[in-house]
Every structure is written in structure tokens, then in C-alpha cells.
Amino acid sequence: MSIATVEITRPAEARDLAPVLLTVEEAARCLRIGRTTCYALIRTGELESLTIGGLRRVPADAPAAYLARRRAEQRAA
């Protein structure tokens, strides 16, 4: 008797969805900065985040918004 292997995959819709929230580590990777620096940006309010339960999450569009603000500040200077 052989054992059949069943591959379980998520529906195509679930695989194609972009994340709505990022962990702090994922946001740091997006920005190519360290985790501690990312937490510092969150603490000062420069990078938007929210707490869900006891978890800190960063909206997926927040890193791009942070970069846009920084670029605008540098152009103005």
C-alpha cells in the first residue's frame, strides 16, 4: 500500500493579496533599516503604526508615505 501525497494550496485569491499590515521587521526590511531604527521612527510618530492586541503593526502603505515625506523635506531644504 502506498501513501498518496496531497498538496494543500491556498486559493489563488489568497495568494495574490498583498498584505494590509506589516510587522515592524517587515517594515524595516522595506525601508532597508534596522529594527531598532524602525521602532524609533514609530516612537517619534514619523512612521505610522497601530497596536492590535499586544502586537505592533505598520500599515503596508506607511513605509512609502514616510519615504515620500522625507523626499519632500529634502527637496525643500
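These legends describe close-up views of a predicted model.

**View 1. The whole protein, element by element.** The protein has four helices and three strands. From the N terminus, the order is α-β-α-α-β-β-α. There are 77 residues, and 18% of them count as buried. The exposed surface comes to about 6,200 Å². Carbon and sulfur atoms supply 55% of that area. Now take the contacts with a separation of 6 or more: 42% of them join residues 24 or more positions apart.

**View 2. Helix 2 packs against helix 3.** Two packed helices are described by the angle between their axes and the distance between the axes. Here helix 2 covers residues 24-31, and helix 3 covers residues 35-44. Their angle is about 100°, and their axes lie 9 Å apart. Helix 2 is therefore roughly perpendicular to helix 3, because angles of 65 to 115 degrees fall in that class. Helix 2 brings Val24, Glu25, Ala27 and Ala28 to the contact. Helix 3 brings Arg35, Cys38, Tyr39 and Ile42. Six residues of this contact are nonpolar, two are charged, and none is polar.

**View 3. Arg32 sits in the loop between helix 2 and helix 3.** Find Arg32 in the loop that separates these two helices. Most residues other than glycine have a negative phi. Arg32 has a positive phi, near 60°, and is not a glycine. Is Arg32 buried or exposed? Arg32 has a relative accessible area of 72%, so Arg32 counts as exposed, the cut-off being over 50%.

**View 4. A salt bridge joins Arg35 and Glu25.** The structure holds two salt bridges, and this view shows the one between the side chains of Arg35 and Glu25. The N to O distance is 4.0 Å. Arg35 belongs to helix 3 and Glu25 to helix 2. The two residues are ten residues apart, and their pair links distant parts of the chain. How exposed are they? Arg35 has 45% relative accessibility and counts as partly exposed. Glu25, at 33%, also counts as partly exposed.

View 5. Helix 4 spans residues 62-76. Both Glu73 and Arg70 lie in this helix. The closest N and O atoms of the salt bridge are 3.9 Å apart. Arg70 counts as partly exposed, with 33% relative accessibility.

Conventions. Residues are numbered from 1 along each chain as its sequence is written. This is a predicted model: local features need pLDDT of at least 70, side-chain atom pairs count only at pLDDT 80 or more; totals for chains, interfaces and linings use all residues. Side-chain values use heavy atoms; hydrogens and water are left out. Buried means under 20% relative accessible area, exposed over 50%, partly exposed in between (1.4 Å probe, protein chains only). Contact means heavy atoms within 4.5 Å. Accessible areas come from the Shrake-Rupley method with a 1.4 Å probe; for residues, only the protein chains shown count as cover. Axes are lines fitted to C-alpha atoms, for helices over the stretch in contact, and angles run from 0 to 180 degrees between N-to-C directions. Angles under 35 degrees count as roughly parallel, over 145 as roughly antiparallel, 65 to 115 as roughly perpendicular and the rest as oblique. Ala, Val, Leu, Ile, Met, Phe, Trp, Tyr, Cys and Pro count as nonpolar, Asp, Glu, Lys and Arg as charged, and the others, Gly among them, as polar.
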